Amino acid sequence: MGDIKLTLNSKIIKPNSEIKGFVTVTYPGRFDGIVINAQIIGSNKLIIYKSYNNKQISQNVSRLFIGKDDMPNNKVEFTSVIEFQPEQPHDVKFRASIIEQHKEVESDQLFAKFSV
């Protein structure tokens with residue numbers, strides 16, 4: 001296992017349903033935080049992040065930075081949603097990266113399926 005682990009509660013995503021994910025960092029060095037982003041393959045639509053560690057996000061963001069100070073025990077739970085009806089199934093690539101002094105030092109990624 002690497003120094004960062006990304007998991008989802010389900011790898012099957014439906015439109016307008018909550019996506020719940022988890023990131024655990026075991027990086028031994030100092031780091032500033034993590035970035036979580038996702039890409040809907042074959043689409044220019046975005047995933048919108050709604051909360052992390054039970055803190056609501058007040059504006060629509062499609063790329064989420066979480067500072068180390070907001071990560072108790074170096075863990076994060078986040079929620080997001082895809083708010084459009086796909087005409088065809090899409091793969092969705094989720095990626096979480098450790099950021100240290102504006103540089104990515106480690107990352108993890110996984111794929112999910114998005115369809116009606």
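This is a predicted model: local features need pLDDT of at least 70, side-chain atom pairs count only at pLDDT 80 or more; totals for chains, interfaces and linings use all residues.
**Entry 1**

I began with the strand order. Five strands form an open sheet, and I read their order as β2-β10-β9-β4-β7, with mixed pairing. Which strands stand at the edges? I noted β2 and β7 there; each has a single partner strand, so one side of each has no neighbour in the sheet. As background, strands of a sheet pair through backbone hydrogen bonds, and the pairing is either parallel or antiparallel.

**Entry 2**

I looked up how β2 joins β10, the strand of residues 103-114. The two run parallel and are joined by two bridges. For a residue pair to find in the viewer, I wrote down I13, which stands opposite F114 in β10.

**Entry 1: strand β4**

Next I took β4, which covers residues 33-40. Is this strand mostly covered or mostly open? I found it mostly covered, with six of its eight residues buried.

I then checked its partners. With β9, residues 90-100, β4 pairs in the antiparallel sense over eight bridges. In that pairing A38 stands opposite F94 of β9. With β7, the pairing of β4 is also antiparallel, over five bridges. There I noted N37, whose bridge partner in β7 is R63.

**Entry 2: S80**

I moved on to S80, which sits in strand β8. Why does S80 count as buried? Its relative accessibility is 1%, and buried means under 20%. I listed its contacts, leaving aside neighbours within four places in sequence: S17, E18, I19, I47, I48, Y49, K50 and F94.

Last, I looked at backbone angles. Most residues other than glycine have a negative phi.

- N16 has a phi near 60 degrees, a positive value in a residue other than glycine. I located N16 in the loop between β2 (12-13) and β3 (19-25).
- N73 has a phi near 55 degrees, again positive in a residue other than glycine. I located N73 in the loop between β7 (63-67) and β8 (75-82).

Is N73 buried or exposed? I put N73 down as exposed, because its relative accessibility is 70% and exposed means over 50%.

Technical notes. Residues are numbered from 1 along each chain as its sequence is written. Side-chain values use heavy atoms; hydrogens and water are left out. Helices (H or I, at least four residues) and strands (E, at least two) are DSSP runs, numbered from the N terminus. Buried means under 20% relative accessible area, exposed over 50%, partly exposed in between (1.4 Å probe, protein chains only). Contact means heavy atoms within 4.5 Å. Two strands pair if DSSP finds at least two bridges between them.
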